[in-house]
Amino acid sequence: MHEFRYGEWVVKLDPATRPREVMVEVTTRCNYSCIHCFRNYLKEPNRDMGLNLFEKILGDSKRAGVVKVVFSGWGEPLVHPRIMEFIEMSKSVGMSVLLNTNGALLEHYAEEVAKLGVEELVVSVDSVETDLYQAVRVGGSLKEVVKGLLKLKEIRRARSLWRPVVSIHFTVTRLNYRDVPKLVSFAKEMGVTRVTISNVVPLSSEHENMNACYADPECVKYMERAREVLGKESLDSNVAIEFPSFSTMAERRCPFALRYALYVRVDGRVAPCIYYAHEWRSSVMGVERAIRPVALGDVARCDLAELWRSEAYARLRFRTTFFTMPSCLDCPLQKYCIYMLSNEVDCWGNTPTCAHCPYSHDMARCPL
(Lines give C-alpha, C1' and ligand atoms only; values in the text may rest on other atoms or scores of the structure.)
Protein backbone atom coordinates (compact mmCIF):
# COMPACT_ATOMS: atom_id res chain seq x y z
CA MET A 1 0.00 0.00 0.00
CA HIS A 2 1.12 3.58 -0.63
CA GLU A 3 3.70 5.27 1.60
CA PHE A 4 4.22 9.01 1.96
CA ARG A 5 7.25 10.76 3.37
CA TYR A 6 7.30 14.05 5.27
CA GLY A 7 10.76 14.92 6.56
CA GLU A 8 11.95 12.00 8.67
CA TRP A 9 8.48 10.52 8.87
CA VAL A 10 7.11 7.81 6.61
CA VAL A 11 3.34 7.28 6.70
CA LYS A 12 1.66 4.22 5.22
CA LEU A 13 -1.93 4.24 4.00
CA ASP A 14 -4.25 1.82 5.81
CA PRO A 15 -5.14 -0.83 3.18
CA ALA A 16 -8.66 -0.98 4.64
CA THR A 17 -9.28 2.75 4.17
CA ARG A 18 -12.71 3.63 2.81
CA PRO A 19 -14.84 6.69 2.16
CA ARG A 20 -17.62 7.26 4.67
CA GLU A 21 -19.61 9.99 2.94
CA VAL A 22 -20.38 10.64 -0.71
CA MET A 23 -21.68 14.00 -1.89
CA VAL A 24 -23.62 13.42 -5.08
CA GLU A 25 -24.32 16.22 -7.54
CA VAL A 26 -27.51 14.93 -9.14
CA THR A 27 -27.98 18.06 -11.26
CA THR A 28 -26.29 21.30 -12.24
CA ARG A 29 -29.65 22.98 -12.88
CA CYS A 30 -31.02 25.47 -10.36
CA ASN A 31 -34.23 27.46 -10.01
CA TYR A 32 -32.37 30.36 -8.34
CA SER A 33 -29.68 32.77 -9.58
CA CYS A 34 -28.09 33.85 -6.29
CA ILE A 35 -25.77 36.82 -6.64
CA HIS A 36 -22.92 35.16 -4.72
CA CYS A 37 -23.12 31.64 -6.19
CA PHE A 38 -20.18 30.15 -8.06
CA ARG A 39 -22.67 28.71 -10.55
CA ASN A 40 -22.39 32.12 -12.20
CA TYR A 41 -19.09 30.87 -13.68
CA LEU A 42 -20.31 27.41 -14.68
CA LYS A 43 -19.47 26.98 -18.37
CA GLU A 44 -20.76 23.44 -18.81
CA PRO A 45 -24.28 22.78 -20.10
CA ASN A 46 -26.79 22.10 -17.34
CA ARG A 47 -27.70 18.42 -17.00
CA ASP A 48 -29.26 15.84 -14.71
CA MET A 49 -27.65 12.61 -13.52
CA GLY A 50 -29.11 9.50 -15.08
CA LEU A 51 -30.53 6.53 -13.18
CA ASN A 52 -27.84 4.09 -14.35
CA LEU A 53 -25.02 6.31 -13.15
CA PHE A 54 -26.65 6.87 -9.77
CA GLU A 55 -27.20 3.11 -9.36
CA LYS A 56 -23.48 2.58 -10.07
CA ILE A 57 -22.49 5.22 -7.51
CA LEU A 58 -24.83 3.78 -4.90
CA GLY A 59 -23.69 0.19 -5.50
CA ASP A 60 -20.01 1.13 -5.33
CA SER A 61 -20.64 3.23 -2.22
CA LYS A 62 -22.39 0.39 -0.42
CA ARG A 63 -19.61 -2.09 -1.21
CA ALA A 64 -16.97 0.44 -0.18
CA GLY A 65 -18.54 0.92 3.24
CA VAL A 66 -19.99 4.39 2.73
CA VAL A 67 -22.65 5.17 5.35
CA LYS A 68 -23.97 8.57 4.23
CA VAL A 69 -25.13 10.09 0.95
CA VAL A 70 -25.25 13.89 0.72
CA PHE A 71 -27.45 15.30 -2.05
CA SER A 72 -25.86 18.65 -2.77
CA GLY A 73 -23.58 20.29 -5.32
CA TRP A 74 -23.61 22.96 -7.97
CA GLY A 75 -27.33 22.58 -8.65
CA GLU A 76 -30.56 22.33 -6.68
CA PRO A 77 -31.26 18.63 -5.93
CA LEU A 78 -35.04 19.06 -5.74
CA VAL A 79 -35.29 20.12 -9.39
CA HIS A 80 -34.15 16.63 -10.43
CA PRO A 81 -37.28 14.73 -11.56
CA ARG A 82 -36.14 11.49 -9.84
CA ILE A 83 -34.70 12.93 -6.65
CA MET A 84 -37.17 11.18 -4.36
CA GLU A 85 -36.49 7.90 -6.14
CA PHE A 86 -32.75 8.44 -5.58
CA ILE A 87 -33.34 9.14 -1.89
CA GLU A 88 -35.55 6.07 -1.54
CA MET A 89 -32.88 3.93 -3.21
CA SER A 90 -30.26 5.27 -0.81
CA LYS A 91 -32.41 4.53 2.21
CA SER A 92 -33.22 1.04 0.94
CA VAL A 93 -29.53 0.04 1.09
CA GLY A 94 -29.12 1.44 4.60
CA MET A 95 -27.59 4.83 3.84
CA SER A 96 -28.08 7.90 6.00
CA VAL A 97 -29.22 10.82 3.82
CA LEU A 98 -28.54 14.55 3.99
CA LEU A 99 -30.49 16.74 1.57
CA ASN A 100 -29.18 20.25 0.91
CA THR A 101 -31.73 22.54 -0.73
CA ASN A 102 -32.68 26.16 -1.29
CA GLY A 103 -36.13 25.24 0.05
CA ALA A 104 -38.15 26.57 -2.88
CA LEU A 105 -39.78 23.17 -3.51
CA LEU A 106 -39.77 21.95 0.08
CA GLU A 107 -43.50 22.39 0.59
CA HIS A 108 -44.14 20.09 -2.37
CA TYR A 109 -41.70 17.43 -1.13
CA ALA A 110 -42.09 17.76 2.67
CA GLU A 111 -44.38 14.73 2.96
CA GLU A 112 -42.01 12.45 1.06
CA VAL A 113 -38.93 13.77 2.85
CA ALA A 114 -40.51 12.84 6.17
CA LYS A 115 -41.92 9.52 4.92
CA LEU A 116 -38.60 8.35 3.48
CA GLY A 117 -36.80 9.08 6.74
CA VAL A 118 -34.25 11.61 5.51
CA GLU A 119 -31.97 12.15 8.51
CA GLU A 120 -30.72 15.67 7.79
CA LEU A 121 -32.12 18.61 5.86
CA VAL A 122 -30.03 21.73 5.22
CA VAL A 123 -31.90 24.74 3.86
CA SER A 124 -30.06 27.80 2.57
CA VAL A 125 -31.64 30.99 3.90
CA ASP A 126 -29.61 34.16 3.35
CA SER A 127 -32.09 36.64 4.80
CA VAL A 128 -35.16 36.56 7.02
CA GLU A 129 -36.52 39.72 5.36
CA THR A 130 -38.59 39.21 2.20
CA ASP A 131 -37.18 42.04 0.07
CA LEU A 132 -33.54 41.36 0.93
CA TYR A 133 -34.01 37.62 0.42
CA GLN A 134 -35.29 38.24 -3.11
CA ALA A 135 -32.44 40.64 -3.86
CA VAL A 136 -29.80 38.11 -2.76
CA ARG A 137 -31.43 34.86 -3.86
CA VAL A 138 -32.70 36.02 -7.24
CA GLY A 139 -35.70 34.04 -8.39
CA GLY A 140 -36.49 32.86 -4.88
CA SER A 141 -39.30 33.55 -2.45
CA LEU A 142 -38.82 33.55 1.31
CA LYS A 143 -42.55 33.00 1.70
CA GLU A 144 -42.33 29.69 -0.18
CA VAL A 145 -39.36 28.54 1.89
CA VAL A 146 -41.18 29.40 5.12
CA LYS A 147 -44.26 27.48 3.98
CA GLY A 148 -42.10 24.42 3.32
CA LEU A 149 -40.32 24.61 6.67
CA LEU A 150 -43.57 25.06 8.59
CA LYS A 151 -45.23 22.19 6.73
CA LEU A 152 -42.35 19.88 7.59
CA LYS A 153 -42.43 21.10 11.19
CA GLU A 154 -46.14 20.26 11.44
CA ILE A 155 -45.64 16.81 9.88
CA ARG A 156 -42.90 15.99 12.38
CA ARG A 157 -44.98 17.28 15.30
CA ALA A 158 -48.11 15.38 14.27
CA ARG A 159 -46.21 12.10 13.85
CA SER A 160 -43.71 12.56 16.69
CA LEU A 161 -40.78 12.30 14.27
CA TRP A 162 -37.28 13.30 15.31
CA ARG A 163 -36.04 13.41 11.74
CA PRO A 164 -35.11 15.06 9.58
CA VAL A 165 -32.96 17.24 11.77
CA VAL A 166 -33.33 20.61 10.06
CA SER A 167 -30.51 23.15 9.72
CA ILE A 168 -30.23 26.57 8.12
CA HIS A 169 -27.16 27.55 6.13
CA PHE A 170 -26.70 31.33 6.08
CA THR A 171 -24.09 32.96 3.81
CA VAL A 172 -23.19 36.25 5.46
CA THR A 173 -22.31 39.31 3.37
CA ARG A 174 -22.24 43.07 3.85
CA LEU A 175 -25.80 43.09 2.53
CA ASN A 176 -27.39 40.77 5.07
CA TYR A 177 -25.20 40.73 8.20
CA ARG A 178 -27.75 42.73 10.20
CA ASP A 179 -30.13 39.76 9.82
CA VAL A 180 -27.83 37.54 11.89
CA PRO A 181 -29.27 38.50 15.32
CA LYS A 182 -32.70 37.36 14.07
CA LEU A 183 -31.58 33.89 13.07
CA VAL A 184 -32.10 31.98 16.33
CA SER A 185 -35.66 33.22 16.83
CA PHE A 186 -36.44 32.54 13.14
CA ALA A 187 -34.98 29.05 13.42
CA LYS A 188 -36.99 28.28 16.55
CA GLU A 189 -40.21 29.34 14.82
CA MET A 190 -39.39 27.18 11.78
CA GLY A 191 -38.53 24.03 13.76
CA VAL A 192 -34.84 24.35 12.93
CA THR A 193 -32.28 23.07 15.43
CA ARG A 194 -29.03 24.40 13.95
CA VAL A 195 -27.88 27.54 12.15
CA THR A 196 -24.55 27.48 10.32
CA ILE A 197 -23.12 30.79 9.16
CA SER A 198 -20.61 30.85 6.32
CA ASN A 199 -18.65 33.65 4.72
CA VAL A 200 -19.25 34.26 1.04
CA VAL A 201 -16.56 33.04 -1.35
CA PRO A 202 -16.28 36.07 -3.66
CA LEU A 203 -16.29 35.70 -7.43
CA SER A 204 -14.02 38.70 -8.15
CA SER A 205 -12.10 41.45 -6.39
CA GLU A 206 -14.99 43.82 -7.03
CA HIS A 207 -17.43 41.28 -5.61
CA GLU A 208 -15.19 40.83 -2.56
CA ASN A 209 -14.95 44.57 -1.94
CA MET A 210 -18.73 44.95 -2.20
CA ASN A 211 -19.87 41.83 -0.36
CA ALA A 212 -17.31 40.11 1.87
CA CYS A 213 -18.04 40.62 5.55
CA TYR A 214 -14.55 39.45 6.57
CA ALA A 215 -13.06 42.36 4.57
CA ASP A 216 -15.14 44.99 6.38
CA PRO A 217 -14.00 45.84 9.96
CA GLU A 218 -17.45 47.16 10.86
CA CYS A 219 -19.12 43.94 9.70
CA VAL A 220 -16.58 41.78 11.56
CA LYS A 221 -17.10 43.77 14.76
CA TYR A 222 -20.87 43.40 14.41
CA MET A 223 -20.53 39.65 13.93
CA GLU A 224 -18.36 39.30 17.03
CA ARG A 225 -21.04 41.01 19.10
CA ALA A 226 -23.72 38.85 17.48
CA ARG A 227 -21.71 35.72 18.33
CA GLU A 228 -21.89 36.53 22.03
CA VAL A 229 -25.57 37.54 22.02
CA LEU A 230 -26.75 34.57 19.97
CA GLY A 231 -24.57 32.18 21.94
CA LYS A 232 -26.57 33.03 25.03
CA GLU A 233 -29.87 32.99 23.14
CA SER A 234 -29.16 29.56 21.67
CA LEU A 235 -28.78 28.08 25.16
CA ASP A 236 -32.36 29.10 25.97
CA SER A 237 -33.84 27.98 22.66
CA ASN A 238 -32.04 24.67 21.94
CA VAL A 239 -30.97 26.09 18.57
CA ALA A 240 -27.25 25.59 18.01
CA ILE A 241 -25.49 28.33 16.07
CA GLU A 242 -22.08 28.09 14.42
CA PHE A 243 -19.98 31.05 13.27
CA PRO A 244 -17.13 30.89 10.76
CA SER A 245 -13.73 32.45 11.20
CA PHE A 246 -13.38 36.04 10.03
CA SER A 247 -9.61 35.75 9.97
CA THR A 248 -7.20 33.65 7.93
CA MET A 249 -5.40 32.70 11.14
CA ALA A 250 -7.72 29.79 11.96
CA GLU A 251 -6.32 26.27 12.24
CA ARG A 252 -6.50 24.69 8.81
CA ARG A 253 -8.72 21.65 8.37
CA CYS A 254 -10.26 20.17 5.23
CA PRO A 255 -13.95 19.31 5.87
CA PHE A 256 -13.96 16.59 3.20
CA ALA A 257 -10.71 14.98 4.34
CA LEU A 258 -11.76 14.98 8.00
CA ARG A 259 -15.07 13.32 7.20
CA TYR A 260 -13.62 10.83 4.69
CA ALA A 261 -15.92 12.36 2.10
CA LEU A 262 -15.69 12.67 -1.66
CA TYR A 263 -17.65 14.45 -4.35
CA VAL A 264 -19.21 12.85 -7.44
CA ARG A 265 -20.11 15.24 -10.23
CA VAL A 266 -23.21 14.96 -12.37
CA ASP A 267 -21.14 13.28 -15.09
CA GLY A 268 -19.59 10.71 -12.73
CA ARG A 269 -16.17 12.32 -12.39
CA VAL A 270 -14.87 12.28 -8.82
CA ALA A 271 -13.51 15.44 -7.19
CA PRO A 272 -12.04 15.80 -3.69
CA CYS A 273 -14.62 18.45 -2.73
CA ILE A 274 -17.35 20.81 -3.95
CA TYR A 275 -14.87 23.70 -4.23
CA TYR A 276 -12.71 21.93 -6.83
CA ALA A 277 -15.49 20.17 -8.73
CA HIS A 278 -15.82 22.56 -11.67
CA GLU A 279 -13.95 25.37 -13.37
CA TRP A 280 -14.62 28.88 -12.07
CA ARG A 281 -12.93 31.95 -10.58
CA SER A 282 -12.75 33.21 -7.00
CA SER A 283 -11.20 36.11 -5.15
CA VAL A 284 -10.06 35.88 -1.53
CA MET A 285 -8.00 38.54 0.27
CA GLY A 286 -7.84 40.63 -2.90
CA VAL A 287 -6.30 37.95 -5.11
CA GLU A 288 -8.29 36.59 -8.03
CA ARG A 289 -7.50 33.03 -9.01
CA ALA A 290 -8.62 30.46 -11.52
CA ILE A 291 -10.02 27.30 -9.95
CA ARG A 292 -9.32 24.34 -12.20
CA PRO A 293 -11.44 21.22 -11.71
CA VAL A 294 -9.62 18.40 -9.94
CA ALA A 295 -10.75 15.06 -11.36
CA LEU A 296 -9.40 11.95 -9.66
CA GLY A 297 -11.26 9.42 -11.79
CA ASP A 298 -14.62 8.51 -13.25
CA VAL A 299 -16.93 6.31 -11.18
CA ALA A 300 -18.74 5.28 -14.37
CA ARG A 301 -15.54 3.55 -15.51
CA CYS A 302 -13.87 2.39 -12.31
CA ASP A 303 -14.72 1.15 -8.83
CA LEU A 304 -15.19 3.84 -6.20
CA ALA A 305 -13.14 2.05 -3.54
CA GLU A 306 -10.23 1.52 -5.95
CA LEU A 307 -10.35 5.17 -6.90
CA TRP A 308 -10.36 6.17 -3.22
CA ARG A 309 -7.27 4.04 -2.58
CA SER A 310 -5.41 5.20 -5.70
CA GLU A 311 -2.03 6.80 -5.11
CA ALA A 312 -3.04 10.21 -6.50
CA TYR A 313 -6.13 10.46 -4.31
CA ALA A 314 -4.40 9.08 -1.21
CA ARG A 315 -1.53 11.55 -1.65
CA LEU A 316 -3.95 14.49 -1.87
CA ARG A 317 -5.78 13.33 1.27
CA PHE A 318 -2.46 12.97 3.10
CA ARG A 319 -1.54 16.55 2.22
CA THR A 320 -4.92 17.97 3.21
CA THR A 321 -5.25 15.89 6.38
CA PHE A 322 -1.89 17.06 7.75
CA PHE A 323 -1.81 20.26 5.68
CA THR A 324 1.69 19.84 4.36
CA MET A 325 1.06 22.94 2.25
CA PRO A 326 1.85 26.63 2.62
CA SER A 327 -0.81 28.91 4.08
CA CYS A 328 -1.17 31.32 1.18
CA LEU A 329 -3.91 33.49 2.68
CA ASP A 330 -1.52 34.49 5.50
CA CYS A 331 1.44 35.21 3.23
CA PRO A 332 2.48 38.89 2.92
CA LEU A 333 3.58 38.20 -0.67
CA GLN A 334 0.29 36.74 -1.83
CA LYS A 335 -0.59 39.72 -4.05
CA TYR A 336 2.71 39.36 -5.92
CA CYS A 337 2.94 35.57 -6.13
CA ILE A 338 2.31 33.78 -9.42
CA TYR A 339 1.37 30.60 -7.54
CA MET A 340 -1.68 32.40 -6.13
CA LEU A 341 -3.27 32.73 -9.56
CA SER A 342 -4.70 29.20 -9.65
CA ASN A 343 -5.04 26.00 -7.64
CA GLU A 344 -2.69 24.09 -9.94
CA VAL A 345 0.57 24.30 -7.95
CA ASP A 346 2.04 26.04 -4.89
CA CYS A 347 5.53 27.16 -3.83
CA TRP A 348 6.12 23.85 -2.02
CA GLY A 349 5.54 21.88 -5.23
CA ASN A 350 2.09 20.50 -4.35
CA THR A 351 -0.11 19.92 -7.38
CA PRO A 352 -2.97 20.48 -7.12
CA THR A 353 -2.89 22.69 -4.03
CA CYS A 354 -5.40 23.63 -1.34
CA ALA A 355 -3.08 26.25 0.16
CA HIS A 356 -5.51 29.13 -0.35
CA CYS A 357 -8.81 27.32 0.19
CA PRO A 358 -11.20 29.44 2.33
CA TYR A 359 -13.00 26.28 3.50
CA SER A 360 -9.79 24.95 5.06
CA HIS A 361 -9.37 28.25 6.94
CA ASP A 362 -12.94 27.83 8.28
CA MET A 363 -14.02 31.02 6.53
CA ALA A 364 -16.59 29.11 4.48
CA ARG A 365 -18.60 26.07 5.55
CA CYS A 366 -19.52 22.93 3.58
CA PRO A 367 -23.00 21.36 3.80
CA LEU A 368 -21.68 17.99 5.04
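This is a predicted model: local features need pLDDT of at least 70, side-chain atom pairs count only at pLDDT 80 or more; totals for chains, interfaces and linings use all residues.
Trainee: How are helix α3 and helix α5 oriented, roughly parallel or roughly perpendicular?

Mentor: Helix α3 covers residues 106-116 and helix α5 covers residues 142-159, and the two pack at an angle of about 25° with their axes 8 Å apart. Because angles under 35 degrees count as roughly parallel, the description that applies to α3 and α5 is roughly parallel.

Trainee: Which residues in α3 meet α5?

Mentor: On the side of α5, the contact involves E144, K147, G148, L149, K151, L152, I155 and R159. The residues of this contact divide into six nonpolar, one polar and six charged. On the side of α3, the residues that meet them are L106, E107, A110, E111 and A114.

Trainee: What is the handedness of the crossing of α6 and α8?

Mentor: Helix α6, residues 183-190, packs with helix α8, residues 217-237, at an angle of about 20°, and their axes lie 9 Å apart. The two helices are therefore roughly parallel to each other. As for handedness, the crossing of α6 and α8 is right-handed.

Trainee: How many polar residues does the contact of α6 with α8 have?

Mentor: In this contact V184, S185 and K188 in α6 meet L230, E233, S234 and S237 in α8. Sorted by class, the contact includes two nonpolar and two charged residues, while the number of polar residues is three.

Trainee: Which helix supplies the largest share of the lining of the largest cavity?

Mentor: The lining consists of 20 residues, and those nearest the centre of the cavity are C254, F256, P272, C273 and C354. By class, the lining has 17 nonpolar, two polar and one charged residues. Helices α9 (255-258) and α11 (311-322) each supply at least two residues of this lining, and the largest share, four residues, comes from α11.

Trainee: How many nonpolar residues line the second largest cavity?

Mentor: The residues that line the second largest cavity are N199, V200, V201, P202, Y214, V284, P358, M363 and A364. When this lining is sorted by class, one residue is polar and no residues are charged, and the number of nonpolar residues is eight.

Methods. Residues are numbered from 1 along each chain as its sequence is written. Side-chain values use heavy atoms; hydrogens and water are left out. Axes are lines fitted to C-alpha atoms, for helices over the stretch in contact, and angles run from 0 to 180 degrees between N-to-C directions. Angles under 35 degrees count as roughly parallel, over 145 as roughly antiparallel, 65 to 115 as roughly perpendicular and the rest as oblique. Contact means heavy atoms within 4.5 Å. Ala, Val, Leu, Ile, Met, Phe, Trp, Tyr, Cys and Pro count as nonpolar, Asp, Glu, Lys and Arg as charged, and the others, Gly among them, as polar. On a 1 Å grid over the protein atoms alone, a cavity is a set of points where a 1.4 Å probe fits but cannot get out, and a pocket is an open set with protein on both sides within 12 Å along at least five of seven lines; lining residues have an atom within 4 Å of a point. A crossing is left-handed if the near helix is turned anticlockwise from the far one by less than a right angle, and right-handed if clockwise.
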